[in-house]
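Please open the model in your viewer and keep the selection panel at hand. The stops below go from one selection to the next.

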Amino acid sequence: MPHLNRVAAGKGNLTDPKHGITEAEAIERAKQGDEAAFEILYQLHKRRVYSLCLRMVSNPSQAEDLAQEAFLQLFRKISTFRGESAFSTWLHRMTVNVVLMQLRKKGLPSVSLEETLETEEEAPRKEFGADDVKLSGSIERMQLQRAIDRLPPGYKTVFVLHDVEGFEHNEIAQMVGCSIGNSKSQLHKARLKLRDYLRSMRAAKAQSD
Amino acid sequence: MKCSDVQQVLPEIIDGTGDAEFQQHLESCPACSELVSELRLISSESRGLAESDEPPARVWVGIANQLRAEGVIRDSETVHGRPVLVPAPARRWNVWWLAPVAVAILAVGSYQLTHKSASPAPAQQATVQQPAQPAVGQQVVQQPTIAEQRTPETAKPEVKQPVLTAQRHNRPAPSPRTETPIVAGNVKGAAEISPPASEEDQQFLSEVSQRAPGMRATYERQLRAVNTEIRETQEYIKRYPGDLDARQHLMEVYQQKALLYQMALDRIQ
């Protein structure tokens, strides 16, 4: 599965259209405390960071706080950034860590507790009417977002990290603290649940139309 | 391959193409084909959510304010290549009046300040001459004292830095009770410029803990950051005692610390 622009973005060749400087240049200026440079870096990456937080916690106010904290942690340490890895990767991982830390503080499991209740052979319980409506073409973004919001925390975490953010299972396993097999299993169940939710949404919409 | 087999291996192979047996089954089984197709559609459509949402403007405002309070953000006119601690050379402020202001802010902001009598200012006091104003510009960058007063170092008889002069400053001397002049040109004197003692910070944090326990970690972190900046600036001044920009920066960092105390006071009252 291709990553989402992770390699291209990380080479420092993102250019801020307003100021005409590259990400690499902004990083160097930010190391010297240049506020405009910090803002450029923020503008370049704010959507990615905020969207990740919002997908993971499904709460805009919380997502704002988490996004803010992720940027603050990154900017405080920017003088230590040596460019060995991509800046966006660094920011990305920091954001994930901030969110996972928050989820752990709230006592929410990183991996779904349903793992202990369902056997591998069981399929998620189907919603009524879902079988009648097929998913094809494209999926309406709002519907998909609502469906993701409904996922149990553990499923949601793995799904967002893999399908939305593009992390590999070995990376997810390390971040979340589970096995690679567990990560794959959680992802599969998340997708099955989403399929079920989306089908039922479409069925409900078809009935109301 | 049966449908139940497909269900079993799906988590492992769905993101790839699967083997020939798997493909063959999909071609012959509409249900499994539909399942795989829809799961892949969900996955591919989800990629578009990675940057789908825009945070409100207040997120950046909060970040910028916090970075300024911690001294991470400095003036945007910073010259490339200059040391991090050195602000833009074009700025030349007369900062002598900042010392009593910073001291006043710190006194109001800290609940547990102890003001001990300062030792009288040394009779011999070197001043730093501004390169831009050789005839007039004389200023003394003074250290606000919010804690134990350290005995100011007497100037060494030998001034080794060529930019320094021993001219008396022509501004009214601040109260010796609250300020300790920085003895420029005296490497040892410059090295003795030290941040307010950590006991006061601990007392301040103790007050925060009592009145707003949930905020202690935040303020402790911020204090640590600003104290680190103070220490690093002082170390820089120790190496380059004639650097006016660095001394000005030190003054600004002290201001930030005073502001931090004030902000905490405002919030927890």
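How many residues does the contact take from chain B and from chain A? The contact takes 36 residues from chain B and 42 residues from chain A, two residues being in contact if their C-beta atoms, placed from the backbone, lie within 7 Å.

A word on conventions: this is a predicted model, in which local features need pLDDT of at least 70 and side-chain atom pairs count only at pLDDT 80 or more, while totals for chains, interfaces and linings use all residues. Residues are numbered from 1 along each chain as its sequence is written, and chains are lettered from A and ligands numbered from 1 in the order in which they are written.

Select the side of chain B that touches chain A. Helix H1 (3–13), helix H3 (30–46) and helix H4 (57–70) of chain B are the elements that give two or more residues to this side, and H3(B) provides the largest share, eight residues. Helices here are DSSP runs (H or I, at least four residues), numbered from the N terminus. The residues of this side divide into 19 nonpolar, seven polar and ten charged, where Ala, Val, Leu, Ile, Met, Phe, Trp, Tyr, Cys and Pro count as nonpolar, Asp, Glu, Lys and Arg as charged, and the others, Gly among them, as polar.

Next, select A:Cys53 and A:Ala67, the residues with the most contacts inside the largest nonpolar core, which has 64 residues. Such a core is a set of buried Ala, Val, Leu, Ile, Met, Phe, Trp, Tyr and Cys residues joined through C-beta atoms within 7 Å, and a residue is buried if 20 or more other C-beta atoms lie within 10 Å of its own. Helix H3 (residues 35–57) of chain A gives the most to this core, with twelve residues. Not counting residues up to four places away in sequence, A:Cys53 touches A:Ala63, A:Leu66, A:Ala67, A:Thr95 and A:Val99.

In H2(A), A:Glu23, A:Ala26, A:Ile27, A:Arg29 and A:Ala30 meet A:Ala37, A:Phe38, A:Ile40, A:Leu41 and A:Leu44 in H3(A). The residues of this contact divide into eight nonpolar, no polar and two charged.

Finally, select helix H8 (residues 153–164) of chain A, which is largely enclosed by the rest of the structure because eleven of its twelve residues are buried. Just after H8(A), A:Gly166 takes a positive phi of about 85 degrees.
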